[in-house]
Amino acid sequence: MALADQQSMYAAPGQPGSPVELKGRYENFIGGEWAPPSTGRYRDNVTPSTGEAFCEVADSAPEDVELALDAAHAAKDAWGRRSPADRAAVLNAVADAIDANREMLAVAESYENGKPVR
């Protein structure tokens with residue numbers, strides 16, 4: 001199948017018929033919650049395949065990284081106290097969610113990277 005045929009097999013994210021719904025803007029996901037960037041700025045998320053922006057993403061700063069690291073450090077002890085079986089159940093649920101959404105994830109990731117879905 002030609003590259004153009006592979007790329008046109010799926011509608012672009014956010015377009016009618018696409019398996020990917022888009023919001024116009026995405027914030028940082030830190031500590032289980034969406035949070036605006038400390039800078040208050042957002043930047044265009046551009047697909048290399050067309051050079052066009054398809055949404056805005058947080059233009060984060062080192063302060064945002066520190067907040068994310070603080071959240072990760074705060075969560076690590078509770079995670080470490082969970083039994084191996086509990087941790088396995090969480091990771092299996094994540095794997096199941098990925099599997100259940102694999103087409104949507106493949107289209108989103110491929111579009112963001114400017115590559116065809118295979």
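Student: Which element gives the largest share of the lining of the largest pocket?
Tutor: Helix H4 does, with six residues. Keep in mind that this is a predicted model.

Student: And how much space lies in that pocket?
Tutor: About 330 Å³.

Student: Which elements give two or more residues to its lining?
Tutor: Those are E5 and H4.

Student: How many residues line the largest pocket, and which lie nearest its centre?
Tutor: There are 17 lining residues, and Leu 22, Tyr 26, Phe 54, Ala 108 and Glu 112 lie nearest the centre.

Student: How do the lining residues divide into nonpolar, polar and charged?
Tutor: The lining has 12 nonpolar residues, one polar residue and four charged ones.

Student: Let's stay with H4 for a bit. What span should that helix have, and how far apart are its ends?
Tutor: H4 runs over residues 102-113, which makes 12 residues. At 1.5 Å a residue the helix should span 16 Å, and its end C-alpha atoms are 16 Å apart, so the two values agree.

Student: Nice. Which residues of H4 are buried?
Tutor: Val 107, Ser 110 and Tyr 111 are buried there. They cover an arc of only 100° around the axis, so they sit on the same side of H4.

Student: Why do residues three or four places apart in an α-helix point the same way?
Tutor: Because an α-helix has 3.6 residues a turn.

Student: What do the buried residues of H4 pack against?
Tutor: They pack against strand E5, which covers 53-58.

Student: Can we zoom in on Ser 110? Why does Ser 110 count as buried?
Tutor: Its relative accessible area is 14%, and buried means under 20%.

Student: What does Ser 110 touch, leaving out residues up to four places away in sequence?
Tutor: Ser 110 touches Lys 115, Pro 116 and Val 117.

Student: What follows H4?
Tutor: Gly 114 does, and its phi is positive, near 75°.

Student: Now Glu 103, which is also found in H4. Is Glu 103 buried or partly exposed?
Tutor: Glu 103 is partly exposed, since its relative accessible area is 43%.

Student: Which residues is Glu 103 in contact with, beyond its neighbours within four places in sequence?
Tutor: Glu 103 is in contact with Tyr 10 and Pro 19. Glu 103 and Val 20 are 83 residues apart in sequence, yet their C-alpha atoms are 8.9 Å apart in space.

Student: Changing topic: where is Thr 47 found?
Tutor: Thr 47 is in the loop between strand E4 (42-46) and E5. Thr 47 counts as buried, because its relative accessibility is 0%.

Student: What does Thr 47 touch, not counting residues up to four places away in sequence?
Tutor: Thr 47 touches Glu 52, Phe 54, Tyr 111, Glu 112 and Gly 114.

Student: Last one: what does Tyr 26 touch, not counting residues up to four places away in sequence?
Tutor: Tyr 26 touches Glu 21, Tyr 42, Cys 55, Glu 56, Val 57 and Ala 58. The C-alpha atoms of Tyr 26 and Asp 59 are separated by 9.9 Å, with the two residues 33 apart along the chain.

Conventions. Residues are numbered from 1 along each chain as its sequence is written. This is a predicted model: local features need pLDDT of at least 70, side-chain atom pairs count only at pLDDT 80 or more; totals for chains, interfaces and linings use all residues. Side-chain values use heavy atoms; hydrogens and water are left out. Helices (H or I, at least four residues) and strands (E, at least two) are DSSP runs, numbered from the N terminus. The expected span of a helix is 1.5 Å times one less than its number of residues. Buried means under 20% relative accessible area, exposed over 50%, partly exposed in between (1.4 Å probe, protein chains only). The arc is that of the directions from the helix axis to the C-beta atoms. Contact means heavy atoms within 4.5 Å. On a 1 Å grid over the protein atoms alone, a cavity is a set of points where a 1.4 Å probe fits but cannot get out, and a pocket is an open set with protein on both sides within 12 Å along at least five of seven lines; lining residues have an atom within 4 Å of a point. Grid points are joined across faces, edges and corners, and a volume is the space filled by probe spheres set on the points. Ala, Val, Leu, Ile, Met, Phe, Trp, Tyr, Cys and Pro count as nonpolar, Asp, Glu, Lys and Arg as charged, and the others, Gly among them, as polar.
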